[in-house]
Structures are given as structure tokens and as C-alpha cells.
Amino acid sequence: MNTTIAEYFLSFDVFRSFVSRISLWLGTDVTPFIVFMIFLLGALVITLVLATVGGFGTYAERKISADIQARIGPNRVGPYGLFQLIADGIKMVSKEDIAPKTADLFLFYLAPFLAIFGVFSTFAVIPFGSGITLTDLNVGVFYLVAISSLVGVGVFLGGYASNSKWSMLGGMRGASQIISYEIPVTLSILAMVLLSGGMSFGQIVGSQGAFPHQWFLFHNPFSFIAFFVLFTGALAETNRAPFDLPEAESELVSGYHTEYTGMRFGLFALAEYVEVFVVSGVAVSLFLGGYNVPGEEFGHSLAGQGAQATVFFLKTCALYYVVIWIRWTFPRLRVDQLMVICWKYLTPIAIFNLVGCAVWLVVFDGKSMFELFFHH
Amino acid sequence: MYVNILFLTSALLTVGCAVAMLIARNIMHSCIFLLGTLIGIAGLYVTLGADFVAVTQTMVYVGGIVILMLFAVMLTGGKEFVSRAQKLLGLIPAMGNKWSFGIAFLTSFVFVLSQFVLIKNIVKGVEVTKEAKPFVSTVEEIGELLLTDHVLAFELSSVLLLGALIGAAIIARPRKERVAND
């Protein structure tokens with residue numbers, strides 16, 4: 001039972017009668033217009049919330065890194081430095097907008113917007129709750145993988161257009177890394193598509209349950225491995241450490257966004273932090289049960305929707321913490337190691353998982369490990 | 001109405017970017033306009049109800065082909081194409097100038113239009129149904145058709161792609177230097 005925001009609202013009698021009364025009053029059927037407005041409003045709210053989450057990502061990154069390195073971290077702006085995000089935002093906006101003299105200006109200005117467009121377009125299918133999804137596309141997961149590859153174009157163009165050696169190296173590394181790691185990630189996602197029998201997020205999340213034994217993570221040994229393949233690949237696709245070669249500070253100054261200042265740099269940074277949230281959310285939806293809460297009836301009520309969104313955000317933030325934790329724990333890989341890990345280890349493992357999941361489905365008739373052990 | 005808005009946006013994006021791609025001086029810019037055209041075509045597929053084809057279009061072209069093109073253009077000296085193209089236009093009169101191109105475009109436009117007017121009464125158009133069909137997912141149908149009716153084409157193309165992959169790997173493989181002593 002998965003619906004979009006508009007369908008969820010229209011499933012309430014009160015709301016339906018409200019819409020029909022307006023229709024009577026105006027003399028035409030306004031339902032499509034209302035649906036459109038709900039969609040627009042929902043899109044606005046989700047974009048704003050996730051942009052704020054991305055902004056808090058920078059705060060979390062600095063606070064957690066400080067914790068790991070036995071420092072205090074930002075603590076001057078507001079309680080516990082919580083308003084650091086606003087201070088950073090004001091700094092970004094008020095900075096001078098500099099473009100290098102020899103840069104390809106058209107591409108230079110376009111690149112950050114391509115990156116942010118690629119990330120923000122994925123919000124359309126992220127399932128925050130059974131009624132809090134902008135649209136439950138039949139090809140949801142596929143759409144997400146496809147549209148987020150625009151980020152790779154943005155990163156590459158940012159590197160190329162700056163006309164600087166650091167940027168160029170960073171951009172080339174970024175693009176090749178994003179293309180390469182797309183393969184194990186997509187194969188792992190495909191295994192989950194097999195298990196659930198559909199590509200829409202609604203179906204994938206709906207065929208899992210609220211409790212860990214119903215999650216796809218513990219469905220079979222292959223899906224357990226697939227989660228780690230997906231997570232590793234997602235780290236590389238979002239250019240997070242230990243795969244942060246495109247912006248390796250110690251060798252490339254700042255990589256593909258070396259020449260960017262002010263809000264253009266801010267857009268790149270925002271795109272990265274929001275993308276981390278998005279891929280964590282995807283991993284949660286695919287493997288960790290997504291927004292599921294116990295009780296079918298409870299889930300459909302307004303309180304249930306709140307609970308679902310809370311569960312989703314909690315799980316996603318836990319994964320977000322792990323991503324930051326990994327960044328401040330592991331050293332950076334070399335370029336050749338990066339490619340070896342992708343092509344010689346992750347891709348074969350992902351193909352093995354895909355075949356393994358298919359065989360498991362045939363042999364055990366689609367039952368999970370838990371069902372096999374405890375329900376004869 | 002919303003389908004019309006989507007169609008108009010996609011069509012404008014496709015045509016506008018295609019024209020911009022043709023008149024862009026810089027070949028890197030042409031690549032980016034091509035990206036816009038391909039995204040617009042994906043939008044057109046969506047208006048036709050072909051969700052899977054639209055997403056595949058985005059996946060293959062945006063994620064793969066355009067990045068590959070950008071790489072190829074950049075590694076073969078992206079900016080140098082600009083000056084060469086201008087020189088070519090200036091040196092060889094047969095390449096034409098903006099007036100000759102403009103006249104050619106106008107002539108072909110008038111020609112095609114008159115052709116359409118001439119054949120209008122001969123060719124019967126396809127009946128366009130006014131009733132919008134309810135949207136159905138195409139994923140299951142495509143999957144079934146690929147593995148039943150079109151399984152031969154499917155397998156042949158996969159073998160072809162595998163061959164291309166192996167060929168690329170062999171071409172790109174570093175050659176072993178033969179040691180003189182053995």
C-alpha cells in the first residue's frame with residue numbers, strides 16, 4: 001500500500017469533500033489542479049528539508065570529526081555551534097564570485113547547476129513514508145541511478161572548464177570513478193529488484209517489514225554481501241573518503257572545485273552532502289526495511305506517517321554517521337587501487353550476488369533465511 | 001493539460017538544444033547541448049507513456065555516451081577545434097557563410113512545406129485518439145517480450161556487446177615487452 005502525497009491526501013474523506021465543495025463553487029473539477037498544487041508544495045518542502053539536512057551534514061561532519069580526533073569542533077555560533085550552518089551560508093553568499101581568466105565561462109557557470117540538478121532530481125522518488133513520496137515511479141530505482149549520473153557530468157565539466165591542472169585531474173578522476181562504480185552499485189540494486197519483483201520504491205520497501213528479520217539485508221547470504229558492495233560503491237560515487245580522490249586535499253588542493261568561490265563552491269559542497277543523504281536513504285530503502293513501522297492500520301494514519309518518516313530519517317542518519325565515521329578513520333586509496341577494487345573485486349562479487357539471489361529465489365521458493373529456519 | 005505542458009517543454013528543450021548544438025563554435029559546448037537534446041527526448045518518451053525507454057535513454061546517454069564524448073573531445077584537444085573550424089570557414093568559400101546557410105535553410109523549409117501541402121490529400125493520417133489511455137507500466141511487458149518473442153535478437157545483441165567489450169579490453173591492454181634473452 002504505497003501512494004504518492006497527492007493520493008494520500010485524497011484518500012481522506014474530509015479532504016475529498018473539501019475538494020468537491022470547491023469544485024461545485026467554481027463550477028469545474030479542480031481535482032487535477034489541487035493534485036498539482038499538493039505535488040508542488042510537497043516538492044518545495046522536501047527540497048527545503050533535504051537542503052537543510054545537507055547543510056547540517058557539514059556541521060555533523062565537523063562535529064563528528066572533532067569527536068574522533070578528540071577536539072571540540074564548532075561551538076561559537078549558537079548552542080553547541082548549531083547555527084554554524086547559517087554563518088557558513090552567509091559567508092558563501094557574500095563572497096566575491098571569481099572566475100579564472102582562461103576558464104570556459106559557459107561551462108564553468110553551468111557545472112555546479114548540473115551537479116545540484118542531478119542530486120535534487122532524485123528527491124522525486126525517495127520514499128519517506130508510505131504516503132510521503134512525491135511520485136512512486138514504476139522504474140523508480142532505475143530513474144534514480146540514471147538521473148544521478150548527471151552529477152558525474154557536473155564534476156567533470158567543473159574540472160575541465162576551470163582550466164587548471166588540479167581541477168582537470170580532479171574532474172577526470174571524478175568522472176572515471178563515478179562511471180566505474182555505477183556498475184557494482186547497479187548490479188547490487190538489481191539483486192534487490194529480483195527479490196522484491198519490482199523496480200518501484202513502493203514495492204521494494206513494501207515487500208520488507210519493520211523488524212530486522214524481514215529486511216532484505218538478512219533475506220539471504222547474497223543480499224547481505226550485496227549491501228556492503230552497494231555501500232562501498234555509494235561511498236565512491238559520492239566522492240567520500242576513502243574514495244575522495246577527485247578532491248584529495250593533500251595532492252590536488254581541492255580537486256574539481258579548486259577554482260570555484262562563493263555560492264558556486266557552495267552548490268558543489270551542498271550537492272555532495274545531499275547526495276550522501278540520498279544514497280544512505282536508498283541503502284535504507286533497499287536493504288534496511290525503509291520506512292516500515294509495525295502495524296498496517298497504524299501506518300496509514302497521520303501519526304503513522306510521522307512515525308514512518310521518523311524511522312526513515314533515523315536509519316538514514318545512522319548510515320550518514322557511518323559514512324562520516326569511515327571518512328575520518330581510513331586513509332585515502334591510490335588511483336590504481338581504486339580501479340582494482342572496483343573492477344577486480346566489487347564487480348565480480350556483485351555479479352556473483354545477482355546470480356546467487358536468483359538461484360536462491362528458485363531453490364527456496366523466495367523464502368528468506370528466517371522463514372526457512374523457524375517456520376517449517 | 002499537464003501532458004501538453006510536459007510535451008511542449010520537452011520539445012522546446014530538444015529543438016532548442018539541437019539548434020544550439022549546431023551553431024555552437026566550441027565542440028565542448030556542442031556536447032553539452034547534445035546532453036540537453038537527449039534529456040528532452042527522454043521527456044518526449046515520458047509523454048508517450050514509455051517510462052522504461054525514457055529512463056534507459058537517460059541512463060545510457062547521459063551517464064555513458066556524453067561523458068565518453070566529453071572525455072574523447074578533451075583528450076584530443078577540445079579547444080583547438082574552435083580555431084580550426086573558423087579557419088576552415090574562412091579559407092574555403094565552398095563552406096559557405098551565414099547568408100548562404102540562411103538561404104539554404106529557407107529554401108529547404110519552403111520546399112518541404114510545399115511537399116507536405118501536395119501530398120496532404122493523398123496520404124491518410126493516423127487517427128489520433130482524443131481519449132488519453134490510462135497509464136500502464138511498460139517494464140513487465142518489455143521484459144516478457146525480450147525473453148519470449150525477441151529472445152534471439154536479445155541474445156545476439158548481448159553476444160555482440162560482449163565481443164565489443166572483449167575487443168576493447170584487448171586493444172587497451174598494455175603490450176608485453178619481449179625480453180631479448182628468452
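Reply: One term first: "buried" means under 20% relative accessible area, "exposed" means over 50%, and "partly exposed" is in between (1.4 Å probe, protein chains only). This is a predicted model, where local features need pLDDT of at least 70, side-chain atom pairs count only at pLDDT 80 or more, and totals for chains, interfaces and linings use all residues. Residues are numbered from 1 along each chain as written, chains are lettered from A and ligands numbered from 1 in written order, and side-chain values use heavy atoms, without hydrogens or water.

Now the interface. Chain A puts 30 residues into the contact and chain B puts in 26, with contact meaning heavy atoms within 4.5 Å. Together the two chains bury about 2,400 Å², and 83% of that is on carbon and sulfur atoms; buried area is the accessible area (1.4 Å probe) that both parts lose on being put together, summed. Three residues, Phe142(A), Phe156(A) and Tyr160(A), provide 22% of what chain A buries against chain B, more than any other three. On the chain A side, the elements giving two or more residues are α3 (31-68), α5 (105-120), α6 (140-147), α7 (150-161) and α8 (165-196); helices here are DSSP runs of H or I, at least four residues, numbered from the N terminus.

Next, the rings. There are 23 aromatic pairs over all chains. One of them is Phe156(A) with Phe71(B), counted as tilted because the planes sit at 40°, with the centres 4.8 Å apart. This pair spans the two chains, running from helix α7 of chain A to helix α3 (residues 51-75) of chain B. Both partners count as buried: Phe156(A) has a relative accessible area of 2%, and Phe71(B) comes in at 14%. Another pair, Phe312(A) with Phe313(A), is edge-to-face, at 6.2 Å centre to centre and 85° between planes. (The rule pairs Phe, Tyr and Trp rings, using the six-membered ring of Trp, with centres within 6.5 Å; under 30 degrees is stacked, over 60 edge-to-face, the rest tilted.) Phe312(A) is buried at 0%, whereas Phe313(A) is partly exposed at 24%. Elsewhere in chain A, ring pairs join Phe218(A), Phe224(A), Phe227(A), Phe228(A), Phe231(A) and Phe287(A) into a cluster.

Phe312(A) also leads us to Gly281(A), which touches Phe312(A) and Thr316(A) once residues up to four places away in sequence are set aside. Gly281(A) belongs to helix α12 and is buried, since its relative accessible area is 2%.

Beyond neighbours within four places in sequence, Asn292(A) contacts Val205(A), Gln208(A), Gly209(A), Ala210(A) and Val311(A).

Most residues other than glycine have a negative phi. Ala70(A), not a glycine, has a positive phi of about 55°; it lies in the loop between α3 and α4 (84-94) and is exposed at 70%. Asn239(A) also has a positive phi, near 60°, and lies in the loop between α10 (221-237) and α11 (249-252). At 5% relative accessibility, though, Asn239(A) is buried.
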